[in-house]
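This report examines selected residues and helix pairs of one protein structure.

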Amino acid sequence: MTLKSLDYFASLVRQDDSIPLFETALAIGQDVYPHLDFAAHQVEIDTIGFQLMKRIPADASHIQKLRMLNHLFFQEMGFAGNVNNFYDADNSYVHRVMATRRGIPISLAVIYMELGQQIGLDMKGISFPGHFLMKLTVQSGEIVLDPINGSSLSREELEERIEPYLGRHSEFGELPLAAYLRAAHPREIVERMLRNLKAIFTDAQRWQRVLDVQQRLIILLPDDINERRDRGLAYANLADPQAALDDLDAYLHMRPDAGDAPALHEKMAALKAAIRRPN
């Protein structure tokens, strides 16, 4: 990762009302693919959209457009979930998903929604628990789609999908189904993509990759002090005690009574001892 790539990412997410989702999602890939060619991938997606638009009759309804997009995306181009290697980090990098035609729901949705926008469909993402979804508003109501295969989901299917998360996961609570189907802001979508990568790299103890993701999360969510804490822990695992101390101290200053405060004070004592220890 370079400071230049972080500056570019910061410029993309600066204004809430103008975050370009496809480009911002592409930018995440610069951490692992520093020579990523943004222009080439933008031309690729624009070309696909243009070719699809040429097929669509001028009087086509939203539902007709949706069917044509589904056919192109899933049947002709063969996009699908990477069921054989679901936790491969490449599933979260949009340019790799474009190349392999395999991804996870959220990365497939970013590409699908970009194509939808290009043919006049105002597709929205849904940060549904456990499985990212998409929706399109039509005259008869809302169509909720699964990005893995383009299937539309009934209310009964959605209620069945949400059931495992109610009660067992306190952060979801007992809310009406509609509350889980609200449109996700581009910032939330990028956040979810980054958190997916954070979980993958943390589980693999790839601390430099965790740090790269943390740098972006702090830019994306500057008021979330938990991300400073997590960056500090990444620095600690990378044997950079001073940087770790700076972040952990900032976290404890804001949240002195946090549940993890005692453990962090212990860790900070060990980090300070490491700094004092002669080489």
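This is a predicted model: local features need pLDDT of at least 70, side-chain atom pairs count only at pLDDT 80 or more; totals for chains, interfaces and linings use all residues.

Arginine 187 belongs to helix H8, which covers residues 186-203. Its relative accessible area is 16%, and because the limit for a buried residue is under 20%, arginine 187 counts as buried. The side chain of arginine 187 has two polar partners to consider here. One is the side chain of aspartate 16, with which arginine 187 makes a polar contact at 2.7 Å. The other is the backbone oxygen of valine 13, which lies 2.6 Å from a polar atom of the arginine 187 side chain. When neighbours within four places in sequence are left aside, the contacts of arginine 187 are Val13, Arg14, Gln15, Asp16, Ile19 and Leu220.

Serine 5 is located in helix H1, residues 3-12. Is serine 5 buried or exposed? With a relative accessibility of 5%, serine 5 is buried. Apart from residues up to four places away in sequence, serine 5 touches Gln30 and Arg216.

The packing geometry of the two pairs is set out in the table.

| Helix pair | Angle | Axis separation |
|---|---|---|
| H2 (residues 21-28) and H3 (residues 38-55) | about 135° | 11 Å |
| H10 (residues 225-237) and H11 (residues 241-254) | about 150° | 7 Å |

For the pair H2 and H3, the angle of about 135° makes H2 oblique to H3. The crossing of H2 past H3 is right-handed. On the H2 side, the residues at this contact are Phe22, Glu23, Leu26 and Ala27, and they meet Phe38, His41, Gln42 and Ile45 of H3. By class, the residues of the contact between H2 and H3 comprise 5 nonpolar, 2 polar and 1 charged.

How are H10 and H11 oriented to each other? Angles over 145 degrees count as roughly antiparallel, and the angle of this pair is about 150°; H10 and H11 are therefore roughly antiparallel. H10 passes H11 in a left-handed crossing. From H10, the contact involves Ile225, Asn226, Arg228, Arg229, Arg231, Gly232, Leu233, Tyr235 and Ala236, which meet Ala243, Ala244, Asp246, Asp247, Leu248, Ala250, Tyr251 and Met254 of H11. The residues in the contact of H10 with H11 are divided into 10 nonpolar, 2 polar and 5 charged.

Note on methods
Residues are numbered from 1 along each chain as its sequence is written. Side-chain values use heavy atoms; hydrogens and water are left out. Helices (H or I, at least four residues) and strands (E, at least two) are DSSP runs, numbered from the N terminus. Buried means under 20% relative accessible area, exposed over 50%, partly exposed in between (1.4 Å probe, protein chains only). A polar contact is a pair of N or O atoms within 3.5 Å; within protein, one must be able to donate a hydrogen and the other to accept it, and residues adjacent in sequence count only if both atoms are side-chain atoms. Contact means heavy atoms within 4.5 Å. Axes are lines fitted to C-alpha atoms, for helices over the stretch in contact, and angles run from 0 to 180 degrees between N-to-C directions. Angles under 35 degrees count as roughly parallel, over 145 as roughly antiparallel, 65 to 115 as roughly perpendicular and the rest as oblique. A crossing is left-handed if the near helix is turned anticlockwise from the far one by less than a right angle, and right-handed if clockwise. Ala, Val, Leu, Ile, Met, Phe, Trp, Tyr, Cys and Pro count as nonpolar, Asp, Glu, Lys and Arg as charged, and the others, Gly among them, as polar.
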